[in-house]
Amino acid sequence: MIVNQSDSNYTDDKTCDAVGSHTDNENKHYDIVGSRTGMWLFLYTEIMLFGGLFVLYAAYYRMYTADFTGAGKELDILMGSINTVMLLVSSFAVAASITAIQKKSRKVALAFLGFALFLGAMFLVNKYFEWGHKIDLGIFPNSPLMEDSSHGRVLFFSLYYTITALHAIHIIIGMTLLAVTMAFIMTDKVTEHKYVLLENAGLYWHLVDLIWIFIFPLFYLIY
Amino acid sequence: MEIIGKISYMETQATQPIKSFYETPSPSRFTGIGAWLLTIDHKRIGLMYMASVMVWFVIALILGLLIRTELMATGSTIMEAETYNAIFTLHGVIMIFLFVIPAIPAIFGNFLLPIQLGTDDVFFPKLNLLSWYLYMLGGFLAILSLFADGPPDTGWTFYVPFSVSTETNVGLTVTAAFILGMSSMLTGLNFITTVHRMRMPGMKWMEIPLFTWSLYATAWVQLLATPVLSITLLLVILERIFGSGLFDPSKGGDPILYQHLFWMYSHPAVYIMILPGMGVISEIIPVFSRKSIFGYKAIVGSSMAIAVAGSLVWAHHMFTSGMSDVAVFVFSFLTFIVAIPSAIKVFSWVSTMYKGSILMTPPLFFSLCFIYLFSIGGLTGLVLGAAGTNIQVHDTHFVVAHFHFVMFGGTGFAFFAALHFWWPKIFGIMYNFKRAYVAAILTTTGFMLHYIPMFILGIMGMPRRYYDYLPEFQTGNFFAGIGAYILVAGVLVMLLNLLISFKNGETSPSDPWGGTTLEWSIPSPPPLHNFVESPKPKGYPYDFTDIVRSNSLNSNDSLNRGSKL
Ligand code: HEM
Ligand SMILES: [Cu+2]
């Protein structure tokens, strides 16, 4: 990477692109593997972040199995399933947009990304109604209703709110990433020659999807 | 391409001397303060960390001195109990999250890791700058928490239920720790990617200098453990705001789970603290023994072993909190296992010096103090790791003495050694040796006088974190207080000596010590892109044959000059 820096003016900038790949002064060569490595490491920290919550879930599930299965029935499986399908489809759309970019069809890629964004937004809307409904029923931490509930039920819903809220925040971050990538595609900063940003945004989106794949059965499907 | 590079280098050489990175801002459009605050040069970022970490270090040092002063006599000496609680919390939080964890990786790691790998920067330079800003933001929030609703009084461990029920501003402090965790995580991510992707062409894994190896192992622990702390702290905040009950027994939650999650991070974190320090020592010892490091592969292996095994021992902090006997047995056993790799390193350092031609210098002196103090810390760790003795000394001053021996006597002294070792490289100047020795001796003497009484007090049963104590603990506490003053005086002499070198320090050559790793082959201070010519992999990094040969010719010109200052 330092191969021929000495022939350049010493006050030259170090050049680096938005996602951090290093560039030589003359042949702009991006270390895609490196950028991807960084992204994978980051995803790994995200998994550990949620991992802490899943550990709590496992411990409390073991302590209050009956309460947990009971409370799980109160969640709306239909809503949960719709959300699951939407996230899966959106993941597919993001993957398709990468193929589209590789095949130089910018428009198709943008359309796929736009569709994924739309699904992400719909997911949040859905979640909003789900949460709203539960809160209307008086199910939320510290509510009078919860004071009288069994311990397991309280913990189940506390975990439910904590984990789904953290997940929703990740959806928002993922949507922001996708939106930025779309802007970059429109301004030709992401092209068929250099689409590592799109790949990384895609990876992040898949992770958000993957985490939901765990959340869904743990909360909606336990009987 | 390379030949062209060389020729044009010689041309520039003829017309102008190579400018150091101080004179060449990067990106070049920024000047003045902007050249620092917006830089993406890993060396400048390292120095910005140095400035900010030092400020925190001195603040926390003063807080520690206040604690010790209060404890010099029974009863309220200079403060009330609430103030005392706040001060030991702040001391701990600042020392751990703002000094010990970032000090070596963020300062020396940033500065040296790319150089030791023979490259021109870390892989994600902008992310590197972002880490620094997160660090500053975290520090700023920590200060802010002093002024809103009173400073936190929970200790750096933020144990529930107290951290949830206390009226003080735990939320803000916890947020600060969360953000500092992010900063440390991003640095780790950056280092791993750099080591994997940016080693100079031809450099093999077993040719990486040990300091960089230790940073690599540390970075993995940072990635593995820090998110667990982040989520735990987040849960404390949620608990405080919404009363989610996840750690609240009245709602079915289990406070012990908090402790598990906390130590799942914080025990690995002690290796985040010590591994880079061990890396520093592994660089210094061979240089001043003029002898290849003993057991290079064993040291590399033990770093990685510590990273793995260190993640499996967290519950040794909780032997008294309520655990099954099986769990106590397993965690106690694993704790003993994890001491082995640390011992391997001590063994390697000592064996390196054996029959070497020792050249005494301040960095070596600090390193020797490190080995001694760290060994005591590690051995007392075993006393704590044995489940039986732990019951006796848990939560007493014995624990306080143990972790100060490893964190201060270990990481702290490694940090001092690193300062003295790389100072001439970073700033291109040499400090006064005599004052450095005086400082080192003062610091070490003060250190022993400060912490050894605490071992005894702990065994006698004096609990930690209490602001008053029974009359029989008076003598020990008094002497510890005297030790604290000597210790702080030593550190101040050391820092002043380093500062004075800016005024009348002699300029240092590129390799004042006779080091063999790449940073000693480039000018001091380094040029913007680190290397004037593309570096060539040297194979094994600790081959001193050339150094020994040239030494016998000119008998250490630069060192003699340094000591005469
Ligand atoms: C040889 C390796 C080590 C062993 C076997 C060991 C063992 C232990 C044990 C069993 C405890 C719990 C004591 C108690 O609370 O009852 C402890 C506490 C502690 N150790 Fe170590 N330790 C070792 C090395 C280190 C290192 C290298 C560091 C940091 C650089 C460190 C930092 C700490 C800290 C900060 C605490 C106290 C935390 C607190 O309660 O505030 N230890 N150690
Ligand atoms: Cu530990």
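Accessible areas here come from the Shrake-Rupley method with a 1.4 Å probe, and for residues only the protein chains shown count as cover. On that basis, the accessible surface of chain A is about 9700 Å², with 69% of it belonging to carbon and sulfur atoms.

This is a predicted model, in which local features need pLDDT of at least 70, side-chain atom pairs count only at pLDDT 80 or more, and totals for chains, interfaces and linings use all residues. Residues are numbered from 1 along each chain as its sequence is written, chains are lettered from A and ligands numbered from 1 in the order in which they are written, and side-chain values use heavy atoms, with hydrogens and water left out.

Chain A has 7 helices and 0 strands, where helices are DSSP runs of H or I with at least four residues and strands are runs of E with at least two. Of its 223 residues, 52% are buried, meaning under 20% relative accessible area, with exposed over 50% and partly exposed in between (1.4 Å probe, protein chains only).

Which protein atoms hold the copper ion (ligand 2) as donors? They are B:His267 (ND1), B:His316 (NE2) and B:His317 (NE2), at 1.8 to 2.0 Å; donors are N, O and S atoms within 2.8 Å of the metal (3.2 Å for Na, K and Ca), and sites may look incomplete because water is not among the atoms. B:His267 lies in helix α9 (residues 255-289) of chain B and B:His317 in the loop between α10 (296-309) and α11 (325-353), so the pair ties together parts 50 residues apart in sequence. B:His267 is buried at 5% relative accessibility, whereas B:His317 is partly exposed at 22%. Finally, the copper ion (ligand 2) is 4.5 Å from the iron atom of ligand 1.
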